[in-house]
Each structure stands twice: as C-alpha cells, then as structure tokens.
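Take a look at the model below. We will walk through it step by step, from the whole chain down to single residues.

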Amino acid sequence: MQSTTFDGAVAVDQGGSSRSLTVVETARVGPRPPPPQWASLSMDCAARTSYQVVFSNALLQSQTSALVEAIGDRKALLVTTPTVDRMYGSAIRAALEKTDTVSTLVLNVREETKSMELVQSVCAEAFSHGLNRRGLLIAFGGGVCSDIVTLSASLIRRGIAHIRVPTTLIGLIDAGIGLKGAVNFRGKKSFIGCFHPPEHVLIDPAFLRTLPRRYLVSGVAEAIKMGIARDESLFDLLERRSLDLVTSGFDEPVVAGRELLQRSIWAMLDELSTNPYEDQTYERLVDFGHSFSPALEGALGFDIHHGEAVAIDMALSATIALSLGLITPDVWQRILGVLRTASLPAFSPRLDVQLCRDALAEACRQRGGSMNLVVPAGIGRAVFLKDPREVTDSLLEHSLGLLSSSAAANS
Ligand SMILES: NC(=O)c1ccc[n+]([C@@H]2O[C@H](COP(=O)([O-])OP(=O)(O)OC[C@H]3O[C@@H](n4cnc5c(N)ncnc54)[C@H](O)[C@@H]3O)[C@@H](O)[C@H]2O)c1
Ligand SMILES: [Zn+2]
C-alpha cells in the first residue's frame, strides 16, 4: 500500500510498520503512450549546448574566484602542461586551497604528442582519481591542452563536464571557445575528435604576459580572421594596436587588449550559435584562413605555427579576391598591411599551385562536397567561392605571383 503524504514524499506501509521515503518528483514528462502502429520513429531530444564564457581579471588571485565557484564541491582533475605548471601551478593550487577535491595531472602535451595516448593518460588518471558522472576535468593551458581535455571529457563515462582556463591567445579566442576537441592521427591534424561543449570558459588576459611573442603573434592571426571576415571595427583596432599589444604581452593598452579579446570571442560565439555542431551549413566564416593552411602546415611540419599558416592563407585568399575583382587594391593593401603590422608572414615559398589544388580538394571533402573558399569582399565582409572550377590553375598562379612579389617588395 502506498500513499503520497506531501509533495514528493511517499509513505510506504510495510505490514504495520510505516516508514517515510523522500522521493523527489522529476520534471520528466510521461510515460507517453506508444503510437498504435509505426513504420519509423524519430527520437527528438534537446542536447545541451549552452555554456558560460566568463571574463575575469584575477582568476588566480582570489580563493573566491569564478574558478572556485564553477568547480563547487565536485571532484575534479586539473590537466596542465609542464610550462604552465611551472609558471602558474602554485598560484592555481593556492587559489583552489579550500577546494580539496581537485588533483593535478601535468602532461607533456605538445603538438607533436597530441595523440590518443595522451587522451588515455587523462582517462587513466580520472579513473584513479575516482571521478564519477559528476566529476570534472579542467583544462589549464593552450589549445593543445584543451583539445586533449575536451576529447577526454567526452569519453570518460561517455561524457563528463569540463571547464577551460585558456592560457594562450589561441586558447582565449579560438580553441578554448568552441565545442571541439581533437587529436592528430596518422599525420593528419586533428583527425580524431568530438563536439563536446565545455561548461565554463574562464578568460583571464593576465596569462598572456608570459606567453612567448611568436605564440602571441600566432593568436593575433585568428583575431585578424574575424576582423576581415565580419568585424570592421576589430580590423581597425588591429591596424592601430596589434603591434603594441604583441610587444607588451597584451598589457598595453589595456582597454584595446580587452576589446580585442571580447570582440573576437563574441564573433566566435555568434558564429557558433547558429551552427554549433557544424551540421547546419558548411558555409562558415570562421573557415577564412583555414582552407590552404592545413596543407601548408602539413608540408612544413612543425616549422610553422598554426596562426602563421592562417595568415599566409588569408593573404592568398585576399589575393584571389583581388584577382577576381572582389576587392580593390586598396583593401588588399590594408589586409597585407595588418598582417605585417602584427609581424605575421604573408607568403611561403612552399606554396605552389599543386599544394593549393590538394588543399582545395581536401576542403571540399571537409565541407560536404562544396569548396566554400572564404574570400574577403571588403573589410568586415566575406563571401564563399563554392565551385573549385572557378579557382583555375592560372588564377592560382597569377595570385601566387602577385603575393610573392608583394612579399619580396616588403621584406
Ligand atoms: N578545438 C578547436 O576548435 C581548436 C581551434 C584552434 C586551434 N586548436 C588547436 O590548438 C592548438 C594550438 O594552440 P596554442 O597555440 O594554444 O598552442 P599550445 O597549446 O601548444 O601552447 C603553446 C605553447 O605555449 C606554452 N604556454 C601556454 N600558456 C602559456 C603562458 N601563459 N605563458 C607561457 N607559455 C605558455 C605551452 O606550454 C606551449 O609550449 C593546435 O593543436 C590546434 O589544432 C583547436
Ligand atoms: Zn585556426
């Protein structure tokens, strides 16, 4: 015999001795009756894709920071790299002093070791640390660290939560902001991966003070991407301030640094909000600078940084746009100029027609059969070239020649 006594509490009569169970009503609807007959059914469910990106100026200086709040009382494994641990390990452990549920794993994650083996190491440590479904991973480092942590979090118990604390510029405005995690596989960059949204991304520009200049410059390329493709004000800001910001570790001018980060992050979130799993459209403005660059990175191995390859790709895409009459020589000069100001390269002798053709073929495979080469149509505006036949060998040859002469004239 069973009777509900008050909201959610059920009294159970067990042969005279009655005891009270506390049962919480769930929000679950149903059970729904089955349809009488069916030949096919659709499973419609809402996937969680919302998360918080929080701007904080003193993440490691307070024991009541956004990080402590985000962790709460959950058991967590903080994954970091030897460099970040050496620079910030004791500060983050001090900030988490009151939270005795977090342990640290220092992993030698580098682009060369971004592999499933490292994902397995994270999973093994999570297992040893006894993480349950409420358990949490924290990525504390650059894009390589967050890629590995994101993929690990998606696999542990079929998906646990993770928080990202990015410490590089690419992490702050790009790798740390999206839903993706990945590792390299058989020489192919980021070939195995997942979409697994973080729970929180905590942004603190102070980490950039110690980031080596070449990595800062590389990150600026991703901001330039957003400026050219969709935000003219961001482009203007980059033209005026990128050199000072790169020189000062984003410390000076503070307001410009903050605006650059916030505009870039907003642009990324805005692009993701309508296409978070990249299944709504293959026309993605954030692919600007990412059509030729993977092939160039592949060809040059680890001698080129991601952002440098993106910069060269943007310069070539802009030159193709110039050759097609989509932008004026003036706009083309401004685009090459903003790359130069930020100390980014605009050309590589390794770029040739064959490499470009191979890159565009791979872009077609990646983009559901359409090339969708993103080229500027002005400052803050871009369009998609869909058909590979429109980018002929002679157009590529002409554009590569123009770019090479311009690079030689400015070197
Ligand atoms: N998942 C995505 O959507 C996405 C997007 C863009 C890039 N990525 C990936 O991100 C990776 C590149 O990320 P990255 O540029 O951050 O490189 P990275 O993670 O290799 O970090 C660069 C170097 O800086 C060091 N470092 C990190 N923070 C530091 C700090 N505050 N001070 C001093 N040194 C510091 C690191 O130890 C490392 O040696 C690539 O593997 C790329 O594929 C992923
Ligand atoms: Zn990129």
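Helices (H or I, at least four residues) and strands (E, at least two) are DSSP runs, numbered from the N terminus. With that in hand, Pro33 is found in the loop between β3 (17-22) and β4 (52-55). This is a predicted model, in which local features need pLDDT of at least 70, side-chain atom pairs count only at pLDDT 80 or more, and totals for chains, interfaces and linings use all residues. Residues are numbered from 1 along each chain as its sequence is written, while chains are lettered from A and ligands numbered from 1 in the order in which they are written.

How far can the model be trusted? The score called pLDDT is the predictor's confidence in each residue, from 0 to 100. The mean pLDDT of the protein is 91, and 94% of its residues reach 70 or more. Over residues 1-16, however, the pLDDT is below 50. Beyond near neighbours in sequence, that stretch has 21 contacts in the model; two residues are in contact if their C-beta atoms, placed from the backbone, lie within 7 Å. Where pLDDT is low, the predicted coordinates should not be read in detail.

Now the overall picture. The protein has 13 helices and 13 strands. Its C-alpha atoms fill a box of roughly 95 × 60 × 40 Å, taken along the principal axes. A residue is buried if 20 or more other C-beta atoms lie within 10 Å of its own, exposed if 12 or fewer, and partly exposed in between, with C-beta atoms placed from the backbone. Of the 411 residues, 42% count as buried. Among contacts between residues at least 6 apart in sequence, 73% join residues at least 24 apart.

Is Pro33 buried or exposed? Pro33 counts as exposed because it has 6 C-beta neighbours inside 10 Å. Val119 is a contrasting case to look at. It lies in helix α3 (residues 116-128). Val119 counts as buried because it has 24 C-beta neighbours inside 10 Å. Leaving out residues up to four places away in sequence, Val119 touches Ile148, Leu151, Ser152, Leu155 and Val183.

Next comes ligand 1. Which residues come nearest to it? Of the 29 residues around ligand 1, these are Thr83, Gly142, Gly143, Thr167 and Thr168. A residue is near a molecule if its C-beta atom, placed from the backbone, lies within 6 Å of it. The shell divides into 10 nonpolar, 14 polar and five charged residues. Here Ala, Val, Leu, Ile, Met, Phe, Trp, Tyr, Cys and Pro count as nonpolar, Asp, Glu, Lys and Arg as charged, and the others, Gly among them, as polar. At least two shell residues each come from α2 (82-95), α4 (143-155), α5 (169-175), β9 (180-185) and α6 (213-230).

An α-helix has 3.6 residues a turn, so residues three or four places apart point the same way.

Finish with helix α7 (residues 232-248). In α7, Leu234, Phe235, Leu238, Ser242, Leu245 and Val246 are buried. These buried residues pack against α6, α8 (254-273) and α11 (329-341). After α7 comes Gly249, whose phi is positive, near 65°.
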